[in-house]
Amino acid sequence: MSAIIINGGNRLSGELNIQGAKNSVLPVLAATVLCGGECVIHNCPELSDVETSIRILAHLGCFCLRDGNSIIVNSSGMNSFEIPDVLMREMRSSVVFLGAIIGRTGRAVISSPGGCELGPRPIDLHLDALSKMGVVIKEERGFLNCTAPGGLHGAEIHLSFPSVGATENIILAAAVAKGSTVIHNAAKEPEISDLADFLNSAGARIYGCGSDTIEIHGVNSLNGTEHTIIPDRIAAATYMAAAAVTGGTLTLNNVMPSHLVAVMWVFRECGCVVEPYGKTIVLRAPERLKRVPTVRSQVYPGFPTDAGPIVIAMLTKADGTSVFAENIFQNRFRYIDELRRFGAKIKTEDRVAVVEGVPRLSAADAECTDLRGGAALVIAALAANGTSEITQIQHIERGYDNITGCFSSIGADISLKK
């Protein structure tokens, strides 16, 4: 069983290039099935979730080839509308293929998606929206059998919650539907805009991304195109937190500071100097971080829920008591019992974590419970005295490209045990 071995206590300083965004590349890869030709996607990180997406595309009959950080997809030979259960279970984001497949073939068969267990994440919003666009959905033995007997058509859709996945699925289906679709209370995340930029470069007509109202005017067909994935803002926050908790100085390249405004605020509140320059961020940490009275996760442009575990790990060594309120996912704190193994003092009640900073952490063996919780354990181990072993790292591999190599390049004593 693979594990990450960390001999902690080193000050992390140096320079890193940030990978392409996990939460952007997955819907963009799904969108390639709508194009019917060759698409070239650049800045694609090497993640297990990306590899799962490639396997899904290949199962659907698409040609896929990775060339370094670029992935070439030609969907002209697509000959299937069904994703097998074994692939759906590997990745929560696999549900985004639903809108794309229906848009291309008028039919899709999928099972419930897998991924991190962070509490209820029902796809009712996805299905309700698609039904308004002409999709008939039948549940059969754990599978969703979806058809559009009269073809997809535009609709006016009001989301009860600005779900990223639902917004993406609606955009994908609406891009080639008859007529116009309007999404009210749409998600505003940068990854939504990146998906729209990709589709628009392929001939789609999508407007208003980044606002809470998105308009999609359906077109008859899309063509092949070339696109570069935006940088991963959560990966950037992860490396910033590790440098901050170890008292280091870090330069991040290939970032978009405008996507990290809510995160940069927390680091500054901790006493870090954070300076954005174009597509670069420089972070300088103090000898010891200060507490942050309250951080609340919110939908974008608020503080991202995915950065919550990362910041909590950082605050375990801050001077004073910090409070984190989780407003998005019900079971986000599953990793905190593992974090306590390092000597962290954290109390939780419902969706609130109270973090009492300690002067030092001690090495421990810990087990990843989910992707971002796993990153939090790595941060704690990097800040702790002694040698730690992190297991169940398949969760981390879903979202971080060569995390051991990246940390090693900025001074961490870290290795991968196969």
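This is a predicted model: local features need pLDDT of at least 70, side-chain atom pairs count only at pLDDT 80 or more; totals for chains, interfaces and linings use all residues.
How many bridges join strand E4 to strand E5? I counted five between E4 (residues 63–67) and E5 (residues 70–74), and the two strands run antiparallel.

Residues are numbered from 1 along each chain as its sequence is written, and side-chain values use heavy atoms, with hydrogens and water left out.

**The hairpin.** I looked up the partners next: Leu65 has Ile72 of E5 as its bridge partner, and Arg66 stands opposite Ile71 in E5. Two residues lie between the strands of this hairpin, and Gly68 takes a positive phi there, near 65 degrees. My strands (E, at least two residues) and helices (H or I, at least four) are DSSP runs numbered from the N terminus, and two strands pair if DSSP finds at least two bridges between them.

**The sheet.** I then traced the open sheet, which has four strands in the order E4-E5-E3-E13 with mixed pairing. E4 and E13 (226–228) stand at the edges with a single partner strand each, so one side of each has no neighbour in the sheet. From one strand to the next, the twist averages 15 degrees. Helix H7 (residues 190–201) packs on the sheet, where I found it touching E3 (38–42) and E13, and its direction makes about 160 degrees with that of E13. Contact here is heavy atoms within 4.5 Å; axes are lines fitted to C-alpha atoms, for helices over the stretch in contact, with angles from 0 to 180 degrees between N-to-C directions.

**Around H9.** Which residues of H9 (residues 261–269) are buried? I got Ala262, Val263, Met264, Val266 and Phe267, with buried meaning under 20% relative accessible area (1.4 Å probe, protein chains only). Their cover includes helices H8 (233–245) and H10 (308–315), plus strands E15 (273–277), E16 (280–284) and E17 (294–296). After H9 comes Gly271, with a positive phi near 105 degrees.

**H8 against H10.** I checked these two covering helices against each other: their axes come within 9 Å and cross at roughly 5 degrees. That makes H8 roughly parallel to H10 (angles under 35 degrees count as such). H8 brings Ile234, Ala237, Thr238, Ala241, Ala244 and Val245 to the contact, and H10 brings Ile310, Ala313 and Met314.

Terms used. Buried means under 20% relative accessible area, exposed over 50%, partly exposed in between (1.4 Å probe, protein chains only). Angles under 35 degrees count as roughly parallel, over 145 as roughly antiparallel, 65 to 115 as roughly perpendicular and the rest as oblique.
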